[in-house]
Amino acid sequence: MKVYKVTINPLSNFGTSIKGDTLFGQICWKIFYKKDLLNKDLSELLKDYITNPFIIVSSACIETEDMLFLKRPSMPFDALFDLRSKEIKDIIRERKELKKKEWIGVEKKSKIILFKSQSYLNNEELFEKIIKDIPTHEKRAFMKKGIKTVIKEFIQPHNTINRITGTTGEDQFAPFSVKQLVYLPGISLCIFIGVREDINIDGVVEALRLIGQTGFGKDASTGLGRFAVKKYEEFDLKAIGSDEPNACYTLSPCVPEKDLFSKAFFTPFTRFGRHGDILAKKGKPFKNPVIMADEGAVFVVNNSDVFKRSYIGTAITNLSKVEPNTVAQGYSLYIPVRVEA
């Protein structure tokens with residue numbers, strides 16, 4: 001399986017965070033309707049998906065010319081920060097600040113030797129890293145607007161008008177609010193895509209372009225989730241990983257295989273999936289919920305044979321009450337890392 005890095009630029013707010021399993025589902029719908037993208041039917045591609053996935057899509061991370069900014073590994077603080085020389089009272093005092101350091105900076109031309117040797121940033125520090133190379137007049141514009149973070153949650157009020165009374169009201173006519181994600185203007189995000197040897201990456205990227213035009217995720221019909229595909233290139237994730245790995249750092253939500261890992265560090269993520277497109281209107285639009293390990297998980301392996309593949313995880317089946325062939329991506333691309341004992 002070859003891995004490619006696709007760079008995108010957000011063009012609007014997002015109603016759904018760009019997670020790999022959701023993006024995989026939307027790519028599948030594009031392949032279903034435009035068979036010339038990969039010159040294969042989706043049903044044909046999914047026949048052996050359980051044993052031989054045709055594509056694996058990562059969640060989006062932030063990219064600059066020489067750096068990747070990924071989600072902080074879901075590990076205890078003493079595995080990420082050097083706290084050995086500090087007293088307990090000092091560690092407790094610093095804990096609040098350490099929690100804010102949500103990002104790990106990885107150089108594209110360097111390696112993750114040990115997690116303790118990496119730089120961790122909070123949202124404000126990441127903002128300073130991102131804007132250091134932009135023109136001065138743009139920096140001033142951000143300062144005038146009070147922008148100090150790369151990603152911000154925005155609460156969008158909504159209401160539904162009762163056409164009989166001409167006003168809002170109770171129940172389905174009650175005003176409500178919806179969260180949206182707002183990205184710093186001009187920011188670059190990247191998505192890693194693993195493709196099987198018989199799959200044309202150009203078709204997959206074209207599917208991404210189409211998704212960016214029509215909108216990704218929730219409330220795409222109202223203009224959310226737009227993005228532009230900037231470029232794509234082959235990328236070796238092992239090149240930025242450890243030379244002597246014993247663990248996998250995941251890049252999307254996944255369901256890891258049984259008995260393959262001796263230790264697991266992850267944040268649980270429950271996917272309350274919903275069908276898309278025409279299946280969303282068939283009476284039972286919701287899929288069975290799935291508990292996954294969110295991106296940023298670290299799995300310590302039992303056997304080094306794991307590193308012969310560029311992905312871990314399993315396919316998720318038996319999800320739907322209306323479409324028995326429904327599958328979800330429980331796979332994840334990973335960066336090989338070394339975890340200290």
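Reader: What makes strand E17 count as mostly covered?

Author: This is a predicted model, and in it seven of the seven residues of strand E17 (residues 331–337) are buried. Buried means under 20% relative accessible area.

Reader: Which residues of E17 point one way, and which the other way?

Author: Tyr-331, Leu-333, Ile-335 and Val-337 point one way. Ser-332, Tyr-334 and Pro-336 point the other way. Both groups are buried.

Reader: Where does E17 sit in its sheet?

Author: The order is E12-E15-E11-E17-E16. The sheet is open, has five strands and pairs in the antiparallel sense.

Reader: Why are E12 and E16 said to stand at the edges?

Author: Strand E12 (261–265) and strand E16 (311–313) each have a single partner strand. One side of each is therefore left without a neighbour in the sheet.

Reader: How do you know that E11 and E17 pair?

Author: Two strands pair if there are at least two bridges between them. E11 and E17 have four bridges and pair in the antiparallel sense. Thr-250 stands opposite Tyr-334 in E17.

Reader: What joins E16 to E17?

Author: Three bridges join them, and the two strands run antiparallel. Gly-313 stands opposite Tyr-331 in E17.

Reader: What makes E11 and E15 a pair?

Author: The cut-off is at least two bridges. Strand E11 (residues 247–250) and strand E15 (residues 298–301) pair over three bridges, in the antiparallel sense. Cys-248 stands opposite Phe-299 in E15.

Reader: Now the salt bridges. How many does a search of the whole structure find?

Author: The search finds 18 salt bridges.

Reader: Why is the pair of Glu-233 and Lys-5 called a salt bridge?

Author: The side-chain nitrogen of Lys must lie within 4 Å of a carboxyl oxygen of Glu. Here the closest N and O atoms are 3.0 Å apart. The pair meets the cut-off, so it is a salt bridge.

Reader: What makes this pair a tie between parts that are apart in sequence?

Author: Glu-233 lies in strand E10 (residues 227–234), and Lys-5 lies in strand E1 (residues 2–10). The parts tied together are 228 residues apart in sequence.

Reader: Are these two partners buried or exposed?

Author: Lys-5 has 1% relative accessibility, so it counts as buried. Glu-233 has 36%, so it counts as partly exposed.

Reader: Why is Asp-21 called buried?

Author: Its relative accessible area is 11%. The cut-off for buried is under 20%.

Reader: What makes Arg-196 and Asp-48 a link between distant parts of the chain?

Author: The two form a salt bridge, with the closest N and O atoms 3.4 Å apart. Arg-196 is in the loop between strand E9 (188–195) and helix H7 (201–214). Asp-48 is in the loop between helix H2 (42–46) and strand E2 (55–57). The separation is 148 residues. Arg-196 counts as buried at 10% relative accessibility. Asp-48 is partly exposed, with a relative accessible area of 27%.

Reader: Which residues do salt bridges with shared partners join into one network?

Author: Lys-5, Glu-63, Lys-108 and Glu-233.

Reader: Which residues make the contact?

Author: H1 gives Leu-23, Gln-26, Ile-27 and Lys-30. H7 gives Val-204, Ala-207, Leu-208, Leu-210, Ile-211 and Thr-214. Seven are nonpolar, two polar and one charged.

Reader: One last residue. Why is Tyr-4 called buried?

Author: Tyr-4, in strand E1, has 12% relative accessibility. That is under 20%, so it counts as buried. Its contacts include Ile-191, Phe-192 and Tyr-232. The C-alpha atoms of Tyr-4 and Glu-234 are separated by 4.2 Å, though the two are 230 residues apart along the chain.

Methods: Residues are numbered from 1 along each chain as its sequence is written. This is a predicted model: local features need pLDDT of at least 70, side-chain atom pairs count only at pLDDT 80 or more; totals for chains, interfaces and linings use all residues. Side-chain values use heavy atoms; hydrogens and water are left out. Buried means under 20% relative accessible area, exposed over 50%, partly exposed in between (1.4 Å probe, protein chains only). Contact means heavy atoms within 4.5 Å. Ala, Val, Leu, Ile, Met, Phe, Trp, Tyr, Cys and Pro count as nonpolar, Asp, Glu, Lys and Arg as charged, and the others, Gly among them, as polar. Lists of a residue's contacts leave out its neighbours within four places in sequence.
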